[in-house]
Structure formats: C-alpha cells, structure tokens
Amino acid sequence: MSARVYLEGGATGDDSKESKIRCQEAFHKLLGRTRFTGRKPRLVACGGRAAVYNRFVIAHSQNVVGYIAMWIDSEEPIADLGSAWKHLQCVQTVPRWEKPDGVTDDQVLFMTTCMETWIVADRKVLKEHYGSELHENALPALTNLEQRPREQAQDALNDATRDCSNDYAKGKRSFEVLGKLSPAVLEEHLPSFARVRRILNKNL
C-alpha cells in the first residue's frame, strides 16, 4: 500500500530546504532500523505544525494515496493515546484543528511530548554522540518520560550538552542525533512510539 506521512520538522527560514531534507533523512534512518526498509512511507517534512496540518488536509481531500498521516509533537502529555484528535482539539486551540471527514485517530502519529523526549530516552546514543563531556546527571529519569512537560526535556538536553563542542541545537544537530536513535529503546520507554510502530505495521 502506498503511504505518505507529513512531518513536523525542518526550518521555515532561509535554510528551510536543507533543514527539511535533513529532517526527512533522519526519520528515514530511524524507520529503516524499525524494519520498514522497502515499505517505508514517503516522508514530507513541512516545517511548523500549521503547515503539517494544511498539507495533511489537502492530501486527504485529494485521496492521493492509500494511507496518509501527520507525525507531530503532542505538545502536552496525552491522556489517551487512542484519542488523537480529541487531544489535538485540546492543545491546538488557535486556530482549532478540525477533524476532516473520514479521518481516523490512526492518521495522527505523535512525538510525545516532543522530539527531545525521544532523544533523552536513548542514553547509549547520547553518550556515543556527545562523548565524555555529556552531563548525564542533568537528564530526566527514564520513568514516565511522556508525562513530563516538553520544556523539561528541552532544557535538560541543553543543560546536559552545555560543555560539548557539538552542544544540542534545533536543526542540523538535532537531526544528527535523531537519525542515530534505537527504535527498540524508544519503544521500551515511550508508549507513543510503540503506537506509531503498531500503526505503521498495519498500514504499510
């Protein structure tokens, strides 16, 4: 079955083209290690959340492929992973995102609460990527990561890499780390990633 997934990620400024390419490459590497090689969806990095939603709605209305989804930050902890649109209508209030006719909850994939939550979950990759200057004790505990505010993951990652020559930053550096993450580790610690894997297995 053909499939297309619209990604939140990639800059919206002058370097947007390069940033979107790096975003797509990082997700392709991650999905490749999730054993979707040969049946991966087409990934489209869109930049900000509004662009993701708009591209998703247009693609759905045109019915261009069999499975269409958007992969976005949840922004806040999720009360019920199976009620994706209910969650979106709580956190996305200005403007409110309307659920298009015929769309299901399985067409919304989440990074809960944000991409940095994924990155702080994989301590082995962090230590290999940042080396001995990483302040691992600045990172949050691995329990209930998805129930922590996104700012906590973001601030902890910045603090933990503050003395590293390649300290964490959005864009090129963030996608370099994302592309190295272990799907098995993410699935162990992050229920929303396990949900993504189940959904893609069913639809690809």
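In what follows, Ala, Val, Leu, Ile, Met, Phe, Trp, Tyr, Cys and Pro count as nonpolar, Asp, Glu, Lys and Arg as charged, and the others, Gly among them, as polar. The model is predicted: local features need pLDDT of at least 70, side-chain atom pairs count only at pLDDT 80 or more, and totals for chains, interfaces and linings use all residues. Residues are numbered from 1 along each chain as its sequence is written, and side-chain values use heavy atoms, with hydrogens and water left out.

**Exercise 1.** Determine which classes of residue make up the lining of the largest pocket.

*Solution.* By class, the lining has four nonpolar, five polar and three charged residues.

**Exercise 2.** State whether Thr34 is buried or exposed, and identify what Thr34 touches.

*Solution.* Step 1: the relative accessible area of Thr34 is 4%, so this residue is buried (under 20%; exposed is over 50%, partly exposed in between; 1.4 Å probe, protein chains only).
Step 2: not counting residues up to four places away in sequence, Thr34 touches Pro183, Phe193 and Arg197 (heavy atoms within 4.5 Å).

**Exercise 3.** Describe the salt bridge between Arg197 and Glu187.

*Solution.* Step 1: a salt bridge is a side-chain nitrogen of Lys or Arg within 4 Å of a carboxyl oxygen of Asp or Glu.
Step 2: the side chains of Arg197 and Glu187 meet this way at 2.8 Å, N to O.
Step 3: Arg197 lies in helix H9 (residues 191-203) and Glu187 in helix H8 (residues 183-189), so the pair ties together parts 10 residues apart in sequence. Helices are DSSP runs (H or I, at least four residues), numbered from the N terminus.
Step 4: Glu187 is partly exposed, at 30% relative accessibility.

Conventions. Helix = DSSP H or I, 4+ residues; strand = E, 2+ residues; numbered from the N terminus.
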